[in-house]
Amino acid sequence: MRLPGGFTFHKQGDPWLSWHYITANSHDILTATQQHVTLTLESVALGLLLAIPLSAVARRSHWLRTTVVNFCTALYAVPSLAFIVALAKVFNLSRLTIIIPLAAYSLVILVRNILTGLDEVSAEAIDAARGMGFTNTRIFLRVRLPIAVPTIVAGLRLAVVSTIELVVIGGYVAQGGYGAKIFQGFQNHSHTELTTYLVLTVLLALVADALLLLLQRAITPWRRGLAAS
Amino acid sequence: MRIAIVTPEHVNNSTWHQFSTWFTTGSNWTWNGTNGQVGVLHLLWQHVWISLLSLAICCVIAIPLAVTLSRWHRGGAVVTSLANAGRSIPIVGVMLLLAVGPIGLGTEPAIIALVIFAIPPILTNTYTGIREVDAEVTQAAIGMGMSRGQVMRRVEVPLAIPLIATGVRLAAVQIWATATIAAIIGSGGLGQLITVGYATQAYGEVYGGVLVVAVTAVLLDTVLLRAQGAIRARYGAVAAGIAM
């Protein structure tokens, strides 16, 4: 299948989209996809690793909660270009240049959803569990956490989708993935390369979103039939 | 253990030294700048101008669109899919795409991209705000003889103001942050300190730019959050009063 010549009103042989380009460069596309997925997963994993202790601290008191949430919001307000270029020299253009900022951006979603999820348990449910002789740890693990899981996974879903989009800016500081190809296409004035990888980024985000929705349903079977959240 | 001997040469080449030199050079902060480089004041003005223009265009498109969609039974689906699309399309990619397209480099592709991506927050919040207006309130307004247009202008939109304000705040913060990235495609603005500095390995300028960009972004976020609180306090009370 070949799209009818693409829209070749610019340069001959440089259509906005071409099936031929995709088949001819399938190896590059696979490598870039793998890099993009790896960078996304590493960033969100680091984000989650930081979000858990931060949420635990935030639950200690009202003041700490406000401080932690405000801190995450302020981090999120820092423009990505500034954050990433600032780390480019510090980490000598290693992967951390992009993983740290993206992890920081995912915090605002993850911490908020962890806190909201853990707060969703009704006081009656806690009282009932206590009446049944549950210890505090057991209440947390058997009552609070299971009820919080859907909200936490929903946060994870949002974080993954927005991180996939944000990884693209890594192309500016010599990071791999679709971003590198998009910036390369921009520098070489190659429409085909730029649009192909742009479309791939959107497709990856959609696929990740769908997969995480399935995960969300699979780990919360009792929610089946209820409205999706 | 070897002890590094810090010679004056090392000190002069350190990033910190470059940064402090850049920071304390007064002419960097003026309009005209130093050595043919545009000054911070000029870049700040460009940044404000691009952001305000984008935000204005965005409001003009998104608010009437939300009002129209709120009257249509499938409006909710349209709003949700636009919001999801905005979340999964990389804005950097779109900017670069517009720049290699017929429009070329410069401020125009930047403003187009900024407007497109700031529509979802305003659209979603305005739509929700209008849909959340109590049906009894609109019924009462209709009972008083208001036309549908009057109900929209005098009842539904005013009651939605707290949420519209939330949407405009989110859009403004996002536009300010993303306008930084637009420097890559030659739109000017504060991001230019970072892009030009990075391209010429002038790390003093890069870190100066990072500082200015980060501080203004966080400041804008804080100020707008306060402003939104004030609007909520004022219009939220009106809303509560009418709803009673």
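1. A crossing of two helices is called left-handed if the near helix is turned anticlockwise from the far one by less than a right angle. In this predicted model, α4(B) passes α6(B) in such a left-handed crossing. Their axes come within 9 Å and cross at roughly 145°.

2. The residues behind this crossing can be listed from both sides. Helix α4(B) brings B:G75, B:V79, B:L82, B:A83 and B:G86, while α6(B) brings B:F117, B:P120, B:L123, B:T124 and B:Y127. Sorted by class, the contact of α4(B) with α6(B) has seven nonpolar residues, three polar residues and no charged ones.

3. Helix α6 of chain B, residues 107–131, also holds B:N125. Is B:N125 buried or exposed? B:N125 counts as buried because 25 C-beta neighbours lie inside 10 Å, and the cut-off for a buried residue is 20 or more. Leaving aside neighbours within four places in sequence, B:N125 is in contact with B:L163, B:I164, B:T166 and B:G167. The C-alpha atoms of B:N125 and B:P162 are 9.2 Å apart in space, although the two residues are 37 apart in sequence.

4. The largest nonpolar core has 119 residues, and the members that touch the most other members are A:V85, A:V111 and B:M95. Helix α8 of chain B, residues 148–181, gives the most to this core, with 15 residues. For B:M95, the contacts beyond four places in sequence are B:P109, B:A110, B:A113, B:I181, B:A182 and B:I185.

5. Where the two chains meet, 28 residues of chain B are in contact with 27 residues of chain A. On the chain B side, the elements giving two or more residues are α4 (75–88), α5 (91–100), α8, α9 and α10. Of these, α10(B) gives the most, with nine residues. By class, the side of chain B that touches chain A has 21 nonpolar, five polar and two charged residues.

6. How many helices and strands are there in chain A? Chain A has nine helices and zero strands, and its pattern along the sequence reads α-α-α-α-α-α-α-α-α. Its C-alpha atoms fill a box of roughly 75 × 45 × 25 Å along the principal axes. Chain A has 229 residues, of which 41% count as buried. Among its contacts between residues at least 6 apart in sequence, 69% join residues at least 24 apart.

7. Two backbone angles deserve a check. A:A174 is not a glycine, yet has a positive phi of about 60°. A:A174 lies in the loop between α7 (136–166) and α8 (178–187) of chain A. Why is A:A174 classed as partly exposed? There are 14 other C-beta atoms within 10 Å of A:A174, so the count falls between the limits of 12 or fewer for exposed and 20 or more for buried.

8. B:Q201 is in the loop between α9 (191–199) and α10 (203–243) of chain B. B:Q201 is exposed, because 10 other C-beta atoms lie within 10 Å and the limit for an exposed residue is 12 or fewer.

Definitions and conventions
Residues numbered from 1 in each chain as written. Chains lettered and ligands numbered in written order. Predicted model: local features only at pLDDT ≥ 70, side-chain atom pairs only at ≥ 80, totals over all residues. Helix = DSSP H or I, 4+ residues; strand = E, 2+ residues; numbered from the N terminus. Core = buried A, V, L, I, M, F, W, Y, C linked by C-beta atoms within 7 Å. Contact = placed C-beta atoms within 7 Å. Nonpolar A, V, L, I, M, F, W, Y, C, P; charged D, E, K, R; others polar. Axes fitted to C-alpha atoms, helices over the stretch in contact; angles between N-to-C directions.
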